[in-house]
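The sequence and the model come first, then the points by topic.

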Amino acid sequence: MGGVTSSIAAKFAFFPPTPASYVVVADESCGGRLYIPEVPRRDDVDVLKLRTRRGNEIVAVHVKHPKATATLLYSHGNAADLGQMFELFVELSLRLRINLMGYDYSGYGQSAGKPSECNTYADIDAVYKCLKEQYGVKDEQLILYGQSVGSGPTIDLASRVSNLRGVVLHSPILSGLRVLYPVKRTYWFDIYKNIDKIGMVRCPVLVIHIWDYCYLAWKFFLNLRYH
């Protein structure tokens, strides 16, 4: 029974766009630099392929801002991919003066593998490692942003990293099972047990549920960088 329910919860959690909204191409005239033909090419955007500990190769984009003092790691919702999120990423970077890293989960967009809870944890860990090693981002400069199902990998990582600048949870879920049933306890077969992990997060947390207020909330939240 538990395995069946967990499988059902997983099916409700993941809706990768089919077909993917973009492809990834290597430009041999620029030393094999990757780009996405479906979106405008920009010098301030890196397109990356990262290998996760579970063996999947995932796609990520890093948007740079020349005056950034913080980096946002964005975990998107369950029915989107990087091609659809790209313009939002660029706009957020520009308006909030931050660097931004977005990525596709395994099985989304041009990322290999299949969507699963465990894969999303490995996915965000690979992106976090890239930010640390390739871009030199320190934990105290990093803000995690998780939207909908993206709250799962976001809270999981935040529960394991103690000195993040902050966490933003946009329409987060309590757990996979709690989306389907009004249960009051956590079962072993549940997925994304956010309600149990949130207590282990040791940085400021902002929870938002209505997109109309997101920009004002962001301005308030990013004031943390001045304190």
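A residue is called buried under 20% relative accessible area, exposed over 50% and partly exposed in between, with a 1.4 Å probe and protein chains only. Strands (E, at least two residues) are DSSP runs numbered from the N terminus. The model is predicted: local features need pLDDT of at least 70, side-chain atom pairs count only at pLDDT 80 or more, and totals for chains, interfaces and linings use all residues. Residues are numbered from 1 along each chain as its sequence is written, and side-chain values use heavy atoms, with hydrogens and water left out.

**Aspartate 46**

- Aspartate 46 lies in strand S3 (residues 45-51) and is buried, at a relative accessible area of 18%.
- Its side chain makes polar contacts (N or O atoms within 3.5 Å; within protein, one able to donate a hydrogen and the other to accept it, and residues adjacent in sequence counting only if both atoms are side-chain atoms).
- The side chain of arginine 33 is one partner, at 3.2 Å, and that of tyrosine 135 is another, at 2.8 Å.
- Beyond four places in sequence, the residues in contact with aspartate 46 (heavy atoms within 4.5 Å) include Ala60, Val61, His62 and Lys64.

**Strand pairing**

- Two strands pair if DSSP finds at least two bridges between them.
- S3 and S4 are antiparallel over 7 bridges, with valine 47 opposite valine 61 of S4.
- The S3–S4 hairpin has 5 residues between the strands, and glycine 55 there takes a positive phi near 90°.
- S4 also pairs with strand S6 (residues 99-103), antiparallel over 4 bridges; glycine 102 in S6 is the bridge partner of valine 61.

**Burial of S4**

- Strand S4 (residues 57-63) is largely enclosed by the rest of the structure, because 6 of its 7 residues are buried.
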